[in-house]
Amino acid sequence: MKLSRFRSTPSPTSPLPRTPGWIDNAAWLSEDILLAIGWCLARDTDTIRASCNGGDGPVSLDASWTSYGRADFADPGYPAGKVMTIRFPERFPVRPLRGDIVIESGPSKFLVPAALLADARTDPASAARSALWWLEPAEREGIVRFLSDTLKASSGADAHQLARNLHAIREALREPLPRHTTAADKRQTVNADALLRVHEHGYYVKGWVCDAGAAPGRLTAVSPEGSRVELLDRAFRHSRPDVERLCGTAEGKTGFIAYFELEQPSYLREGWIFECRSADGLPCEAPGPPVVWERAAVRTAILEDLDLEHAWRGQLLEDHTFPAVSRIQELHGTEARIRTVIEYGTPEKQADLSIIIPLYRRLEFLEHQMAQFVHDPGIRCAELIYVLDSPELADDLNEYARDLYQLYRVPFRVAFLEHNSGFAMVNNLGVSIASGRLLLLMNSDVLPDSLGWTSRMVEFYDSKPRIGALGPKLLFEDNTLQHAGLYFHRPDGSSLWENQHYYKGFDRGLPAASVSRPVPAVTAACLMIDRELYRQQGGFRGIYVQGDYEDSDLCLRLLDAGYENWYSAEIELYHLEAQSYRWDMRRLATRYNCWLHTRVWGDAIASVMARFGG
Amino acid sequence: LKRRILYVCHNHPSVAPGGAETYALELYEAMRASANFEPLLLARTGPPFSPEGPIHQGTLLSAVDGDPNQYFFYTDADEFDWLLMTSRKKGLYARHIRAFLETFRPDLVHFQHTLFFGYDIILQTRNTLPHAPIVYTLHEYLPICHRNGQLLRTKSEEPCLEASPLRCHTCFPEISPASFFLRQRFIRSHLSFVDLFLAPSRFLLERFVDWGIPREKIRYEEYGRLPVSRLAEQRTNSGRNRLGFFGQLNFFKGINVLLEAMRRLGEEEPHATRSMREAADAPKPRASDPGPPPHLWVHGANLELSPPEFQDTFRELLEATKANVTFVGRYERTRLPQLMANVDWVVVPSIWWENSPLIIQEAFMHGRPVICSDLGSMAEKVEHGVNGLHFRANDPGSLAETIRYATSSPDLWERLRQGIPEVYRMQDHVSGLDRIYHDLLGR
């Protein structure tokens, strides 16, 4: 092969390379990743060996490249052009680099001289533009994609710097498409309405696409860092009458929703692009909206879409909602931790019973419970633990709790959580600091009807040998039944099992509800369980959204393990069912939870209900 | 050695007038003469009665002129939760109330009113003074009814006898039944730290028993009244056609019912157009004579605090009854003998149950029979046909008829005047309380 020219000659002081190769341009992509652009004779199939002497002898470096044909070579088709990334190990002294980088691959062995790096251009986007601007758009796109791979092994602040540089490179190299195109009097355009980050790799997008031709051929999400994902095959399509009016198309399902995972993580809030190519090849693109990161908002926005799925029941849930939401719940769970535990008074620590009460938003329930607990010596014998799941209210609660202890003198502890963690995690964290033999998991809007109820409940629990969970009779404020045990019900024509309360709304004295008995499940609003058993079972599972179905999930596990769940009619408390969540969101969360609960337990429920005569 | 009684009240009459606070101060004054007890008075001050902000920095206390045993205690109205009747600023009050109680260590605490303090002050007292009996005078129905204790349904304006979460929610749709349930449980919890409740009327007592206060913890004890400095003169030998209204010019006090009754009477009576002087100077009626037409004097103020529609109706009615109604306006309690001297009958037309209206006692002290609604404690305090007349509450026709009957029946007035009972004297009240305090302290 004959090369048309050599840009420069290797310095005589360097160990001479076997065969030529040369670096034209280099820039730091991040603290430890170098971007180098040049040429050499190696092919993509040749392995690359890179090393550098950091002072203690040569250290091998992680290098990779992508090739392209260079017009200044005699054979412009030969992939001699190289865009190379070189990653240095952690704590390798890169600034300044003490020795040259030696690169070997196939027939080539050449240097990236330390001297070149000393004045390496600090702006990688300019480096990329000046060296690569003349390539075909598809080649440039390939290079951007190649570079985005560097994100795979990066994390922390470094990853953010890298992401910003990759974004700048993408902008320098990419070929913008029109915002919309018109063909055959039809407008083709695409729009992303919302882009939600589930995690660094996982994103959820909702938008619409209006096709000029029959159907779009491709719909591609391009991350700010240049990763690309095809959405069309996986997206859930739905009708958007507003869009159809706007675009004048009669076809339905212009809307799309997709949860997708990127090969490379993406870190930037802005810079997404959505490209659309119709079947006949007309391209257009739309900038993505800023990414929503806040987890609760992301979850809310995802659940909001459940309303779209009456006709395609299950597909949106199974392919998009579930993978996204379950991932959110999982992350939520792993991040849940107690920041601090504060004692108000000196709570009983050798107690037989630990009462765990989550507080969410409405702190005043603490006062309402204190105003009742103050009369009951039984409460002072128990270990009382509140767990605050609204971290933003920590200061308020601390002051409030101090004052309330001053007044009511019922000792208790409060576990303040690092983040909002959800009902399951809040209870599990509360249990993690509990020391009683038995646990009573209780809601803050549950108030006793009479004194001495805790010891009666403990007695009841201890009197049943195979008991798993125990739930008392719970009343609404008008003395009708809120809870007399849980059962499962599948409405006609539905595939989903719903949790139902026995005799809800009937008078508290209803004879049928006045019998203590085993039931399929009991509510977590007031649930007693052996602490060791709770621990063995792994506590509540955090897969459900916003406090729902955790109780039946636990109770089904207990049944599965051979325990009985009991309803006690003798112990009566009030449960006000005060909602701290937005009602509409609660409805959608319930829909999701119900679907998930059936997905997990459907078959088991059918046999349980056959046993209980449902 | 005298034992110390602390009275706690939500206001002080030197700041703003009011029945309960006036009574509380009078009781405090009267108790100073007791051989056994030494009273202290803690009166709450602050908006809306007095300017915002405590008088001194670093303390909520300030002096009531010239008396080392009376204190003002400042609380912020903004911090007061009107649903639970408690203060949102728990710590502030806990600290300051506690310090006050620890300084004086009263042997017994008698709450007159806990508005603007919050019911938690009772538990704070129990905590600080575990052995001091706690007495609570129920002046009105605030613990039962969120509508300022009026016991009147918000939409129908019907008197209400039963508070329940659902009924209260229908009166206040924006407040959930659960919130009313919590309210009831919260207030009951705090009131359960009281050792003895006093009720100034039997009607009020029954309402609280119905609501959940154990009967053995509540006792009827009427307000004691100081002797009046001078009795209103009685007009002799003339028609008993002069009526007086004394009270707040608001919907609940039924002033518009009374004016409407006067309007109807004015239309019916051809000579009702005679001037006031003519009416007053008319000769004594013969048995067959319908007598001089009734004339009403309206004493009262605070019309501007009522809703505009009520004010409009009031003004229209006043315009329509120019001939037989004289609007006097605001009055000082010290001027009551003179004002009473000008009337023969006192009309109490309230459309709600009332607690124990002081004006009935005032009328009786001055020897004036009372025409009142046949409701609640009014009907309890005034015996129909013995010392006054009842009419169907909120019914101007019934009231007009009753007024016509009262003013045109010769000798009726005299007979009813003879039936007026002696008003419970403050000195008897003080000895009654003396016994109550002794019993409680003796336990």
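1. You'll find Asn11(B) in the loop between β1 (3-9) and α1 (19-31) of chain B. Helices (H or I, at least four residues) and strands (E, at least two) are DSSP runs, numbered from the N terminus.

2. Before going on, a word on the model and its labels. This is a predicted model, where local features need pLDDT of at least 70 and side-chain atom pairs count only at pLDDT 80 or more, while totals for chains, interfaces and linings use all residues. Residues are numbered from 1 along each chain as its sequence is written, chains are lettered from A and ligands numbered from 1 in the order in which they are written, and side-chain values use heavy atoms, with hydrogens and water left out.

3. Back to Asn11(B): is it buried or exposed? Asn11(B) counts as buried because its relative accessibility is 2%. The cut-offs are under 20% relative accessible area for buried, over 50% for exposed, and partly exposed in between (1.4 Å probe, protein chains only). Leaving aside neighbours within four places in sequence, Asn11(B) is in contact with several residues, including Pro17(B), Ala43(B) and Phe49(B). Contact means heavy atoms within 4.5 Å.

4. Now the place where the chains meet. Here 21 residues of chain B are in contact with 20 residues of chain A. About 1,900 Å² is buried between the two chains, and carbon and sulfur atoms give 62% of that area. Buried area is the accessible area (1.4 Å probe) that two parts lose on being put together, summed over both.

5. Which pairs cross this interface? The rule finds eight residue pairs in polar contact between chain B and chain A, both residues at pLDDT 80 or more. On the side of chain B that touches chain A, α2 (90-104), α3 (120-128) and α5 (177-191) of chain B each give two or more residues. The largest share, eight residues, comes from α5(B). That side of chain B divides into nine nonpolar, seven polar and five charged residues. For this tally, Ala, Val, Leu, Ile, Met, Phe, Trp, Tyr, Cys and Pro count as nonpolar, Asp, Glu, Lys and Arg as charged, and the others, Gly among them, as polar.

6. There are salt bridges too: the rule finds two across the interface. A salt bridge is a side-chain nitrogen of Lys or Arg within 4 Å of a carboxyl oxygen of Asp or Glu. One joins Arg185(B) to Asp449(A), with the closest N and O atoms 3.9 Å apart. Over all chains, the structure holds 58 salt bridges.

7. Asp553(A) forms a salt bridge with Arg541(A), and their closest N and O atoms are 2.9 Å apart. This pair links distant parts of the chain, 12 residues apart: Asp553(A) is in helix α14 (residues 550-560) of chain A, and Arg541(A) is in the loop between α13 (531-536) and α14 of chain A. Asp553(A) counts as buried because its relative accessibility is 0%, whereas Arg541(A), at 30%, counts as partly exposed.

8. Next, strand β11 (residues 242-246) of chain B, where five of five residues are buried. Arg242(B), Gly244(B) and Phe246(B) point one way, while Leu243(B) and Phe245(B) point the other way. In a regular strand the side chains alternate between the two faces of the sheet. β11(B) pairs in the parallel sense with strand β12 (residues 295-299) of chain B over five bridges, and with strand β14 (residues 345-348) of chain B, also in the parallel sense, over two bridges. Two strands pair if DSSP finds at least two bridges between them.

9. Helix α11 (residues 358-365) of chain B is mostly covered, with seven of its eight residues buried. Those buried residues pack against β11, α10 (336-341), β14, β15 (370-373) and α12 (376-381) of chain B. Just after α11(B), Gly367(B) takes a positive phi of about 70°.

10. Last, some backbone details to check. The peptide bond from Pro47(B) to Pro48(B) is cis, with omega near 5°. Tyr503(A) has a positive phi of about 55° although it is not a glycine.

Conventions
Polar contact = N/O pair within 3.5 Å; in protein donor to acceptor, adjacent residues only side chain to side chain.
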